[in-house]
Amino acid sequence: MSLALATSRADLDKLPQRRAAPGGTAPARTAAVLTMGALHEGHAALVRAARAHVGPDGFVVVTVFVNPLQFGAGEDLDRYPRTLDADLEVAGKAGADAVFAPSTEEVYPDGAPLVTLAAGPMGERLEGASRPGHFDGMLTVVGKLLHLTRADASFFGTKDAQQLALVRRMVRDLNFPVEIVGVPTVREEDGLALSSRNRYLSPAERHTALALSRVLFAARDADARDLPDARGARGADAVRAAARAVLDAARGALPPLTLDYLALVDPGDFTEVPDGHTGDAVLAVAARVGTTRLIDNITLRLGAPQ
């Protein structure tokens, strides 16, 4: 069956793929990929993971909605790319059954909502500190879209690690009946993480932006002889030092990379981990190149031989 386009919940619920699994009366299991459009290979990977998760008889829906609640003053709401025709092609080729592209009036029928979700302390760190209110707006629209799509499972990229952690926390704290699945970051051959904002970069800016992934890979690949533990255990301070060395070297790039933050954090609450921390930690970086703000991260296991 060809890809369907729905712009309202009523239209979405009328789709034959949605009504029942073949040979049965129960609704098909639904997997949702929530996006703001400008789809690329990273989004396609989410759709393929969703299709594999629900199988050929399941229903995979991609939402395309540029959410005004998660853009702050001076951010790129008006500039954010709207490419619905191209998005339909990407979603269909990746295995989606439908694209749900509601209007702002469909999602927020009374205008700006009076009741919203609050991301709490974790939402005020890193991205939340740089973009106040961003995660409140993100969680509000994710909650609404999970309801509107009636999702049984929803798929998010690990490139937005803090977003993924907050969505998982929301689902747990508020008892949403939905499974949240993280999908590994998709990168270009040169290491740059795929992002809808990459299209804003000039060739020179893109070259500078490669410093973000180099920071992460340097921390991942820090040589055991440079680490304090004779067993080759990776310590938090050594990871930070390896990452900062790459940033220092990138300071003289033209155009320059302007660092927002570099943090090594606990994946559960996004607080900084001390040296001596054992277990998983997320090394997260955010920086601006020209007028474009980019983020990236990698998960490392600390305190164990590599």
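A polar contact is a pair of N or O atoms within 3.5 Å; within protein, one must be able to donate a hydrogen and the other to accept it, and residues adjacent in sequence count only if both atoms are side-chain atoms. The legends below describe a predicted model.

View 1. The strands follow the order 1-4-3-2-5-6, and their pairing is parallel. Strand 1 (4–6) and strand 6 (179–183) are the edge strands, each pairing on one side only. On average, neighbouring strands of this sheet are turned by 25° against each other, direction ignored.

View 2. Strand 5 (residues 153–157) runs parallel to strand 6, and 5 bridges join the two.

View 3. The chain is divided into domain 1 (4–183) and domain 2 (198–300). Their centres, taken over C-alpha atoms, are separated by 28 Å. Between them the domains bury about 1400 Å², with 53% of it on carbon and sulfur atoms. In domain 1, the residues that lose the most area to domain 2 are Arg79, Leu126 and Glu127, together 38% of what that side buries.

**View 4. Contacts across the domain interface.** In contact are 18 residues of domain 1 and 20 residues of domain 2. Across this interface, 7 residue pairs are in polar contact, both residues at pLDDT 80 or more. Helix 6 (127–130) and helix 8 are the elements that give two or more residues to the side of domain 1 that touches domain 2. Helix 8 provides the largest share of that side, 3 residues.

**View 5. The salt bridge of Arg293 and Glu127**. The closest N and O atoms of this pair are 2.7 Å apart. The count between domain 1 and domain 2 is 1 salt bridge.

Note on methods
Residues are numbered from 1 along each chain as its sequence is written. This is a predicted model: local features need pLDDT of at least 70, side-chain atom pairs count only at pLDDT 80 or more; totals for chains, interfaces and linings use all residues. Side-chain values use heavy atoms; hydrogens and water are left out. Two strands pair if DSSP finds at least two bridges between them. Helices (H or I, at least four residues) and strands (E, at least two) are DSSP runs, numbered from the N terminus. Axes are lines fitted to C-alpha atoms, for helices over the stretch in contact, and angles run from 0 to 180 degrees between N-to-C directions. Domain bounds come from an automatic or database domain assignment. Contact means heavy atoms within 4.5 Å. Buried area is the accessible area (1.4 Å probe) that two parts lose on being put together, summed over both. A salt bridge is a side-chain nitrogen of Lys or Arg within 4 Å of a carboxyl oxygen of Asp or Glu.
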